[in-house]
Amino acid sequence: MKYILVIGDGMADEPIAALQNKTPLESLSLPHFDRVSHVLGKAQTVPAGVAPGSDTAILNIFGYDPRTYYTGRSSLEAAGMGVFLNPGEVSLRVNLCAVEEGVILSHNGGNIEGEEAVTLMETLVGDPRFAEKAEKLQLRIHITPTFRHIGVFRCEDAQAAFTLTPPHDVLGDPIEKHLPQGTLSKELTELMLISFEVLDSHPINQTRRSEGKLPANMIWPWAEARAAQLPSFKEKYGKSGAVISAVPLLHGIAGLAGLDVRMVEGANGDLDTNYEGKVAAAVEQLQNHDFVCVHVEAPDEMSHAGSMEKKLKAIEYLNERVVGPLLEGVKADFRLLLLSDHPTLLATRTHDGNAVPFGIYDSRESEKAVKFCEKTCDAGIFVDNGDKLMPLLFEQEEN
Ligand SMILES: [Zn+2]
């Protein structure tokens with residue numbers, strides 16, 4: 001038997017007036033999703049009292065209850081970038097953001113990537129004023145060719161040191177309202193303000209503005225974390241596996257759980273990601289592994305961007321270009337679990353902690369079709385914690 005997990009990040013939503021009070025999933029015709037209906041239900045992927053996000057939700061889906069295993073998002077991402085923390089060290093996610101007239105307009109610097117992102121960050125890290133402050137904090141920044149970077153520094157009491165705000169939660173707000181709090185607030189705020197001075201007028205940002213793009217002109221630290229450790233997925237379930245995703249968070253969870261990470265060229269976490277490449281990689285991984293996870297970030301990013309049209313498109317692509325080809329492409333008996341890790345609401349442009357719809361397809365059973373959406377899944381089974389989903393997929397007793 002082979003097992004597939006397809007995560008449409010943030011695709012669940014609430015009814016929307018512009019969609020005749022239907023949710024995006026409900027409003028679309030998604031014939032391949034509808035085939036994933038041998039088991040239907042809702043799952044509480046984010047336990048009550050835990051902040052909803054892909055970090056907490058996906059840990060739980062893989063079987064690691066965030067109330068036990070979650071030490072903060074950035075240590076998972078750091079692991080995904082090959083950066084492992086020493087005891088007493090704390091990691092931060094450092095986003096490149098777009099800020100105009102004191103208001104944060106984008107948590108990803110207008111989705112800056114490649115050489116532009118690297119050059120801006122190298123310019124910043126090399127700036128003498130920034131370097132001096134960073135050295136005082138013993139802060140080192142690991143730069144990536146994306147808007148996502150990782151900072152690591154020594155800090156014995158991260159809880160007192162800072163309270164940080166996820167930038168995607170405060171889009172459109174004055175940054176003043178959301179600057180770092182805590183004993184290190186002054187130092188972190190200074191670093192942010194210096195970054196604006198260094199980056200705002202940088203030639204790369206001048207060019208971006210002239211092309212109608214948002215600048216990537218301020219760093220935003222958030223997602224503080226201590227080192228994370230996870231028990232082996234293989235030992236837990238007796239299944240070997242691989243994870244296919246564009247985002248470091250998934251690579252980190254995979255690495256810490258002992259799952260392989262298969263990188264796919266052109267997989268970028270955006271609407272124009274390489275869907276076909278991901279499917280081909282998944283089918284290939286199943287030749288040597290029992291389990292593969294295909295994660296698609298686009299519905300979440302489009303929800304944060306507040307674009308209903310693009311969110312709908314992302315879900316349609318997931319149906320046509322991922323789930324359809326997977327259902328046809330696997331040549332062994334298999335079960336496929338399809339879900340949204342957490343809802344991301346177009347209305348608020350942020351995550352929500354409500355239960356998500358899920359479905360399981362089983363190639364050994366005869367085909368059926370039931371509309372895959374929040375409403376129909378409500379009528380199915382209820383999984384009260386996300387860590388029961390893998391046993392359900394693997395047809396195992398809960399462990
Ligand atoms: Zn998100």
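Student: Hi! Which residues are buried in α6?

Tutor: Hello! This is a predicted model, and in it the buried residues of α6 are Ala117, Leu120, Met121 and Leu124.

Student: Where do they sit around the helix axis of α6?

Tutor: Looking down the axis of α6, you find its buried residues within an arc of 95 degrees, so they line one face of the helix.

Student: And which residues are exposed on the other side of α6?

Tutor: Glu115, Glu122 and Gly126 are exposed there.

Student: What span should helix α6 have?

Tutor: Helix α6 covers residues 115-126, and its 12 residues at 1.5 Å a residue should span 16 Å. The C-alpha atoms at its ends are 16 Å apart, which agrees.

Student: OK, now α9. Which of its residues are buried?

Tutor: In α9 the buried ones are Leu188, Leu191, Ile194, Ser195, Val198 and Leu199. Seen down the axis of α9, they fall within an arc of 120 degrees, so they too line one face of their helix.

Student: Let's zoom out. How many helices and strands does the protein chain have?

Tutor: There are 17 helices and 15 strands in the protein chain. Its radius of gyration is 21 Å, close to the 21 Å from the globule rule for 399 residues, so the chain is as compact as a globular protein of that length.

Student: What does the C-alpha trace span along its principal axes?

Tutor: About 65 × 45 × 35 Å for the protein chain.

Student: What percentage of the residues is buried?

Tutor: Buried residues make up 51% of the 399 in the protein chain. As for contacts with a separation of 6 or more, 71% of them are between residues 24 or more positions apart.

Student: Which domains does the domain assignment give?

Tutor: The assignment gives domain 1 (2-70 + 229-394) and domain 2 (89-225). Their C-alpha centres lie 30 Å apart. Six residues from domain 1 and seven residues from domain 2 take part in the contact.

Student: What about the largest nonpolar core: which residues touch the most other members?

Tutor: Those are Ile4, Val6, Ile253 and Leu336, out of 118 residues in that core. Strand β3 (residues 89-100) gives the most to this core, with seven residues. Domain 1 and domain 2 each supply at least three residues to this core.

Student: Take Val6, then. Which residues is Val6 in contact with, leaving aside its neighbours within four places in sequence?

Tutor: Val6 is in contact with Val294, Val322, Val323, Leu326, Leu336 and Leu338.

Student: One more residue: is Leu76 buried or exposed?

Tutor: Leu76 is buried, because it has 30 other C-beta atoms within 10 Å, and the cut-off for buried is 20 or more. It lies in helix α5 (residues 73-80).

Student: What is Leu76 in contact with, again leaving aside neighbours within four places in sequence?

Tutor: Its contacts are Asp55, Ala228, Leu249, Gly252 and Ile253.

Student: And how far apart are Leu76 and Pro174 in space?

Tutor: They are 29 Å apart, C-alpha to C-alpha, and 98 residues apart in sequence.

Conventions
Residues are numbered from 1 along each chain as its sequence is written. This is a predicted model: local features need pLDDT of at least 70, side-chain atom pairs count only at pLDDT 80 or more; totals for chains, interfaces and linings use all residues. A nonpolar core is a set of buried Ala, Val, Leu, Ile, Met, Phe, Trp, Tyr and Cys residues joined through C-beta atoms within 7 Å. A residue is buried if 20 or more other C-beta atoms lie within 10 Å of its own, exposed if 12 or fewer, and partly exposed in between; C-beta atoms are placed from the backbone. Helices (H or I, at least four residues) and strands (E, at least two) are DSSP runs, numbered from the N terminus. Domain bounds come from an automatic or database domain assignment. Two residues are in contact if their C-beta atoms, placed from the backbone, lie within 7 Å. The expected span of a helix is 1.5 Å times one less than its number of residues. The arc is that of the directions from the helix axis to the C-beta atoms. The radius of gyration is taken over C-alpha atoms; the globule rule is 2.2 Å times the number of residues to the power 0.38.
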